[in-house]
Amino acid sequence: MRKVLNIVYEKMKEQLTEDDLKSLPSGTDIRWRNTAQWERLNMVKEGLLRDDSPTGVWEISEAGWAYLERSRQQEAGEDEP
């Protein structure tokens, strides 16, 4: 998980706000990292990430790949009549 979050940070650090980089009131984690971990759980529940991956591994499911492809097509305007 740490490796994934480090990669996410490197890709997103320019978009993170000062509040994103603050510690949670509990002092146990940084706000954006905590939010990312909750979002991972939501994506598992939605079927976009596999729920049977080894601990610490975030693996895209077949449904997740399909969602990604649809998103790419929409961004490219390929699905418009």
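A quick definition before we start: a helix axis is a line fitted to C-alpha atoms, here over the stretch in contact, and the angle between two axes runs from 0 to 180 degrees between N-to-C directions. Keep in mind that this is a predicted model.

**Exercise 1.** Describe how α1 and α2 cross, and find who makes the contact.

*Solution.* Start with the general idea: two packed helices are described by the angle between their axes and the distance between the axes. Here, the axes of α1 and α2 cross at roughly 115 degrees and come within 11 Å. Next, the handedness: this crossing is right-handed. Now look for the residues that touch. From α1 you get Arg2, Leu5, Asn6, Val8 and Tyr9, and from α2 Trp32, Arg33, Ala36 and Gln37. Sorted by class, that's 5 nonpolar, 2 polar and 2 charged residues.

**Exercise 2.** Check whether the length of α3 fits its residue count.

**Exercise 3.** Describe the largest pocket and its lining.

*Solution.* First, its volume is about 600 Å³. Then count the lining: 19 residues, with Val8, Met43, Leu49, Trp58 and Ile60 nearest the centre. Helices α1, α2 and α3 each give two or more. Finally, the classes: 13 nonpolar, 3 polar and 3 charged.

Notes. Residues are numbered from 1 along each chain as its sequence is written. This is a predicted model: local features need pLDDT of at least 70, side-chain atom pairs count only at pLDDT 80 or more; totals for chains, interfaces and linings use all residues. Side-chain values use heavy atoms; hydrogens and water are left out. On a 1 Å grid over the protein atoms alone, a cavity is a set of points where a 1.4 Å probe fits but cannot get out, and a pocket is an open set with protein on both sides within 12 Å along at least five of seven lines; lining residues have an atom within 4 Å of a point. Grid points are joined across faces, edges and corners, and a volume is the space filled by probe spheres set on the points. Helices (H or I, at least four residues) and strands (E, at least two) are DSSP runs, numbered from the N terminus. Ala, Val, Leu, Ile, Met, Phe, Trp, Tyr, Cys and Pro count as nonpolar, Asp, Glu, Lys and Arg as charged, and the others, Gly among them, as polar. A crossing is left-handed if the near helix is turned anticlockwise from the far one by less than a right angle, and right-handed if clockwise. Contact means heavy atoms within 4.5 Å. The expected span of a helix is 1.5 Å times one less than its number of residues.
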